[in-house]
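The exercises below are meant to be worked with the model at hand. Try each task before reading its solution.

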Amino acid sequence: MTETVDRKAPAGEMVLSLRGISKSFGAVSALTDIDLDVHAGEVVALVGDNGAGKSTLVKTLAGVHQPTAGTITFRGQPVTMTDPSAALNLGIATVFQDLALCENLDVVANIFLGRELKPMQLDETAMEVRSWTLLNELSARIPSVRIPIASLSGGQRQTVAIARSLLLEPKLILLDEPTAALGVAQTAEVLNLIERVRDRGLGVIMISHNMEDVRAVADRIVVLRLGRNNGVFYPDATNQELVGAITGAVDNSVTRREERRHAEQQLSEGGQP
Amino acid sequence: MTGNVKDNALPATMLDRSDERLKHEAGIGGAVRAFIDRVRSGDLGSLPVVVGLALIWTVFASLNPIFLSSNNLVNLLFDCSTVGVIALGIVCVLMVGEIDLSVGSISGFASAIVGTLWVNQGWPVALAILAAVAVGGLIGSLYALLYNRLGMPSFVATLSGLLAVLGMQLYILGSTGSINLPYGSAMVNFGQMLVMPRLLAHVLAAVPGVVMLATGIRTISRRREANLSAPSLGSIVLRAVATTLVLEIIVLYLNQDRGIPWMFGLFVGLVMLMNYALTRTQWGRSMTAVGGNREAARRAGINVRRIYASAFVLCSMLAALGGVLSASRLASASQQAGTGDVNLNAIAAAVIGGTSLFGGRGNAYSALLGIIVIQSIANGLTLLDLSSSLRYMITGGVLAIAVIVDSLARRSRVSHGRA
């Protein structure tokens, strides 16, 4: 397990601190004894193989699942989140992997869902203006905010979901695979956005399978494996170290593949003269 | 505010007109083209029911000219109001993608409660009505409890409710079997005779147009201020004038006979109130969201259980109110009240009017349009002296067509990305 020691001190005060979080679904332990710290102005990347428990952890922090054991400390206070609105009210915003948008509602209605202005006489004009402001900040390419989500592409939906998470000016943003469905320009915009959010002093937790994106923005990389902590890395860690922690061994399918290709290459070079 | 300031005068600066791929339809011709586009992609709205209604009326009018006489149409409006109020409640539960099969029994039970408390026990009539509606609300909260806490599908919960509530209705009516409500009392007059004064009816018919104009002008100025594109003043004036003209002609025609029943006025008032609640309040937005994607609504922080509860309670209360209205229409509370086709007529009305059985799509006006279709069929066939056997078959056929149109339009919406 590689831990580089003398890193620069984390940017700000502790926003979120998890100690011993476990979550089991029946006989399956999805999470076991997870510890995680996020400071203000810090991007923490959560990486791991499929089924490592990344999404479960994010859903636990979003109030969708309740942990079986362990404590969550948010801004110095121990908290329990019984439902998603509790998390939202605390200042934890989440962009879920499945985006959780209502396809039959338009973009404005989705962005403001559950947070409408003037509940007894909806202020559509103000909500539309705010939606455009949020979307323009993300350089979104959305033709109209008055069309139902069903008519948007995957990337456009992702942008809407991210715009929605920013609406409440949260203290901590959880992004579950924020760039998975995005094009080149949108990916760059989202990465820029993550940096902008961090510079405003917010904590960010980001799940991604894309090591390039992770290295580009993460301040720390937390590896999960089979529902357990499997090391904390910094962006300058080698690919081999990261892959080793993710798959659980230095000798794994990725390195074996590398070695095989290397050997084949040498063989073909050797056969030349 | 001048109508000739065109939206495209400042194209680059408007917040919602910066994307060059978006087609901007301006003016009245553009509105018509946008409408045709919408219909083609399966976003039919109220179009099928309006076309169907025109068809039904043409057929019946050609078979028997009395059908379109103002006298008959006033009767039609009286008949519409009772089941229409029940259908309005059905719209609520359909919006969240659930169903209430017991509305007929609840309406019958409510009429029995009013009969017993008012006639037999000597309660003041208003108190008896309140009690009946409150009992309806209790039944609705029981359904909400079964659905939210015990995970019982609303289909089954309300199906057992259908039997249980019918049993309670028979129980409190006892051996007598039916209670006659006194003729000449305010409640029976309300259900059988009371109509609006002519002038008042004309004034009320002008209200929607005025409101459309006022809110339209307010929207234009607010959107202009916020640098958003706004509809042209001309199109709003046109819509307001057209609406007012149509309503005034209807009122004029019905005033040839007795006039607009107060009971129908109550029904339309409830429909408009529900329309406002569904489209312009946070509650209505949450209802649509829950019907469209329950999990997304939950993750957005909406209290999904409370939304379901409000839908079930509102539906049962409106069913009870509908039962009270039909008791006043029939001047009796009997064992037959609320049985037979009341249940399915109410559900069919909401669906025929364009509220989707799949949830998340519909509007309050579908109850009004749908019940007019169903009562027109019943009324027309009665005028032709045809038996109820034929009426059931035809209503069943119309319901089937409505559901087919709903499913086909849904498929088309999905393929056109309008879901």
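**Exercise 1. The contact between the chains**

How many residues does the contact take from chain A and from chain B?

*Solution.* This is a predicted model, in which local features need pLDDT of at least 70 and side-chain atom pairs count only at pLDDT 80 or more, while totals for chains, interfaces and linings use all residues. Residues are numbered from 1 along each chain as its sequence is written, and chains are lettered from A and ligands numbered from 1 in the order in which they are written.

Step 1. Counting residues as in contact if their C-beta atoms, placed from the backbone, lie within 7 Å, one finds 29 residues from chain A and 30 residues from chain B.

Step 2. On the side of chain A that touches chain B, helix H2 (84-90) and helix H4 (124-137) of chain A each supply at least two residues, and the largest share, 4 residues, comes from H4(A). Helices here are DSSP runs (H or I, at least four residues), numbered from the N terminus.

Step 3. By residue class, that side of chain A divides into 19 nonpolar, 7 polar and 3 charged, where Ala, Val, Leu, Ile, Met, Phe, Trp, Tyr, Cys and Pro count as nonpolar, Asp, Glu, Lys and Arg as charged, and the others, Gly among them, as polar.

**Exercise 2. Two helix pairs in chain B**

Determine how H4(B) is oriented relative to H6(B), and then how H15(B) is oriented relative to H16(B).

*Solution.* Step 1. The axes of H4(B) (residues 103-120) and H6(B) (residues 154-173) come within 8 Å and cross at roughly 20°, the axes being lines fitted to C-alpha atoms over the stretch in contact, with angles from 0 to 180 degrees between N-to-C directions. H4(B) is therefore roughly parallel to H6(B), since angles under 35 degrees count as roughly parallel and those over 145 as roughly antiparallel.

Step 1. The residues of the contact of H4(B) with H6(B) divide into 10 nonpolar, 5 polar and no charged.

Step 2. H15(B) (residues 365-383) and H16(B) (residues 388-415) pack at an angle of about 155°, with their axes 10 Å apart, so they are roughly antiparallel to each other.

Step 3. In this pair, Val373(B), Ile374(B), Ile377(B), Ala378(B) and Leu381(B) of H15(B) meet Leu390(B), Arg391(B), Ile394(B), Thr395(B) and Val398(B) of H16(B), and these residues divide into 8 nonpolar, 1 polar and 1 charged.

**Exercise 3. Buried or exposed?**

Decide whether Val165(B) is buried or exposed, and do likewise for Leu321(B).

*Solution.* Step 1. Val165(B) lies in helix H6 of chain B and counts as buried because it has 26 C-beta neighbours inside 10 Å; a residue is buried if 20 or more other C-beta atoms lie within 10 Å of its own, exposed if 12 or fewer, and partly exposed in between.

Step 1. Not counting residues up to four places away in sequence, Val165(B) touches Ser102(B), Ser105(B), Ile106(B), Phe109(B) and Ile139(B).

Step 2. Leu321(B), found in helix H13 (residues 304-330) of chain B, has 25 C-beta neighbours inside 10 Å and therefore counts as buried. With neighbours within four places in sequence left aside, Leu321(B) is in contact with Val85(B) and Val133(B).

**Exercise 4. The domains of chain B**

*Solution.* Step 1. Chain B is divided into domain 1 (47-194 + 261-415) and domain 2 (196-260), with bounds that come from an automatic or database domain assignment.

Step 1. The C-alpha centres of domain 1 and domain 2 of chain B lie 27 Å apart, and the contact takes 8 residues from domain 1 and 7 residues from domain 2.

How values were computed:
Parallel < 35°, antiparallel > 145°, perpendicular 65-115°, else oblique. Contact = placed C-beta atoms within 7 Å.
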